[in-house]
Protein chains: 2
Amino acid sequence: MRALVIHEGGRLVIEDRPVPEPGAEQVLVRVHGAGINRADLLQRAGRYPAPPGAPPDIPGLEFAGVVEAVGSAVASPGPGDRVMGIVAGGGQAEYLTTAAAHCARVPGTLDLVEAGGIPEAFITAHDAMVVQGELMAGQRVLVHAVASGVGTAALQLARCLGATVAGTSRSKDKLDRAAELGLDHPVLAPPGFDPAALAAEITAVAGPIDVTLDLLGGPYLGVDVAAAGPKGRIIIVGLIAGARAELDIGALLRKRLVVRGTVLRSRPSNEKAEATHLFSGQVLPLLARAVIRPVIDAVVPLAEAERGYDLVAADGTFGKVVLDLQ
Amino acid sequence: MRALVIHEGGRLVIEDRPVPEPGAEQVLVRVHGAGINRADLLQRAGRYPAPPGAPPDIPGLEFAGVVEAVGSAVASPGPGDRVMGIVAGGGQAEYLTTAAAHCARVPGTLDLVEAGGIPEAFITAHDAMVVQGELMAGQRVLVHAVASGVGTAALQLARCLGATVAGTSRSKDKLDRAAELGLDHPVLAPPGFDPAALAAEITAVAGPIDVTLDLLGGPYLGVDVAAAGPKGRIIIVGLIAGARAELDIGALLRKRLVVRGTVLRSRPSNEKAEATHLFSGQVLPLLARAVIRPVIDAVVPLAEAERGYDLVAADGTFGKVVLDLQ
């Protein structure tokens with residue numbers, strides 16, 4: 001099979017590799033589409049090694065494709081089924097093996113290549129904002145980097161659940177596009193913003209925030225805490241803007257806030273199965289009825305993977321970039 | 001009635017005040033004992049005003065006593081019943097009114113004056129460590145200021161629930177006394193400690209921590225995050241050591257930690273009723289059977305309230321200081 005491989009120094013090379021063999025509880029998938037994520041860029045730069053058990057040099061944390069073969073203990077899905085899911089690595093290859101329990105069905109209404117950009121964004125957004133953040137109808141959500149893959153997924157999900165959404169971006173153009181997707185309160189985050197001032201701007205238009213989905217970290221934590229209302233939940237899923245930040249413990253106590261860090265990649269298998277199961281039950285029906293949709297900025301053939309990575313790195317995209325492995 | 005009153009400049013004066021009238025859902029309590037808490041010291045210093053509805057100038061956040069009269073809508077408790085509870089202020093007086101739903105029974109085995117030192121410590125410890133921290137048998141707990149009222153309550157509760165406990169104090173003597181109370185891993189926190197080094201010392205003896213009860217804040221947050229194991233819960237209930245601290249967001253994500261701030265005093269009435277209800281169900285039976293016990297360092301008559309406040313401020317006590325209002 002052809003696979004994208006990270007070489008010394010971060011060079012991306014398309015190589016021939018043997019098709020992997022599924023274990024007893026695994027399925028073999030012929031991959032059609034695989035999203036490119038910021039984590040792939042980090043892995044390429046040598047700063048986010050694959051966990052044990054995942055292919056060490058083939059990037060790719062999500063996929064959609066067709067089941068080609070199944071292990072002896074797998075009852076479902078079966079050969080020919082259209083599936084998608086998160087993996088700890090190896091998504092950007094023509095074939096991969098993964099636990100049957102980590103597969104969700106791809107609704108017939110969705111394009112199988114584009115579906116490769118669904119799992120990371122929608123499972124992350126659902127797990128962080130709804131499951132861990134306990135979002136309820138009528139509450140207020142704040143999403144930083146609202147034009148990202150996870151951001152556009154969270155925005156749509158929150159609106160579906162009856163929440164109002166404030167979202168930040170550093171780009172006016174991206175905020176305009178997010179508004180078309182239903183963003184109630186677009187807020188520009190200018191370079192070198194003052195966290196307290198940005199929080200005041202957010203709460204002035206949106207009110208105190210119940211659930212914050214923070215993909216950025218660093219100074220955004222100050223915004224999250226200052227903008228939060230009583231018993232607010234702040235879920236941090238990324239730290240592009242900084243791995244350390246000052247926490248206002250006084251506000252944390254006074255408002256009785258929760259600050260939660262979360263990642264999908266390193267979770268044990270049973271927890272990935274659980275997150276996938278909840279996504280299948282609560283999010284897939286909305287995708288199937290096109291109430292929400294994957295926001296795909298670009299589909300790039302495997303041969304042009306480098307260009308796809310550049311697109312993600314340049315931070316000019318709205319939504320996802322997906323590799324086409326058909 | 002006699003009441004302790006905070007005057008201009010923080011002077012404490014014993015004054016005659018009218019006995020309050022219970023509202024329809026309230027009880028009138030003849031107070032026997034009322035714990036003195038650090039929050040009273042803050043209020044006295046003008047830095048922690050009573051919330052609306054509480055007596056603005058009579059301190060006291062907890063009490064034990066006998067019900068003297070009840071409002072028209074109160075079915076239970078009734079006159080003559082021995083009760084205790086948390087209040088938003090006004091505990092340090094011969095009489096107080098409080099919601100019937102905020103009263104827990106005082107077991108017949110307990111001294112009614114000493115029982116005035118139970119509610120804040122045990123409701124805080126139970127609510128923070130067990131309810132919010134989701135402590136389970138076999139898990140590891142870290143308690144800072146383990147010799148305090150809340151610390152000694154948390155230590156005993158955690159041991160009862162089948163957890164092992166590491167505890168810090170700045171005093172070797174207090175750690176020795178905490179060890180007699182069941183502390184598995186006493187750890188001295190020297191002045192100006194390095195958070196990473198202190199965390200390493202804790203995990204070397206206790207292993208990675210599941211639930212941290214942090215009464216101090218400031219640099220202790222760095223200890224909490226560094227000592228936490230996967231999916232650790234850090235509950236902060238005080239900030240004597242500092243209202244701001246650096247948060248290691250990288251560790252927060254990698255270990256999938258939860259950092260939670262909490263207070264009792266400002267909660268809405270229904271949430272105080274819920275915390276009291278859970279305390280009554282899960283903690284009172286242990287107190288009644290003397291499996292756990294209030295740790296009272298000193299009982300001080302109302303006339304010597306100033307001395308009681310000095311004892312708490314001097315930080316030399318092990319457990320609680322209680323005002324005797326009999």
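What share of the 326 residues in chain A is buried? Buried residues make up 59% of them, where buried means under 20% relative accessible area, exposed over 50% and partly exposed in between (1.4 Å probe, protein chains only).

This is a predicted model, in which local features need pLDDT of at least 70, side-chain atom pairs count only at pLDDT 80 or more, and totals for chains, interfaces and linings use all residues. Residues are numbered from 1 along each chain as its sequence is written, chains are lettered from A and ligands numbered from 1 in the order in which they are written, and side-chain values use heavy atoms, with hydrogens and water left out.

**Chain A**

Chain A has 10 helices and 16 strands; helices (H or I, at least four residues) and strands (E, at least two) are DSSP runs, numbered from the N terminus. The radius of gyration of chain A, 19 Å, is close to the 20 Å from the globule rule for 326 residues, so the chain is as compact as a globular protein of that length. That radius is taken over C-alpha atoms, and the rule is 2.2 Å times the number of residues to the power 0.38.

An open sheet of 12 strands, with mixed pairing, has the order β10(A)-β9(A)-β8(A)-β11(A)-β12(A)-β14(A)-β14(B)-β12(B)-β11(B)-β8(B)-β9(B)-β10(B). Two strands pair if DSSP finds at least two bridges between them. The edge strands are β10 of chain A and β10 of chain B, each pairing on one side only. Strands β11 and β12 of chain A run parallel and are joined by 5 bridges; A:D214 has A:I236 as its bridge partner in β12(A).

| Strand of chain A | Residues |
|---|---|
| β11 | 209–214 |
| β12 | 228–236 |

**How the copies relate**

Chain B superposes on chain A by a rotation of 180 degrees with 0.0 Å of shift along its axis (RMSD 0.0 Å). The two copies are thus related as by a two-fold rotation axis. In chain B, the C-alpha of B:E246 is nearest the axis, at 2.2 Å. Superposition is by least squares on the C-alpha atoms of residues with pLDDT of at least 70 in both copies.
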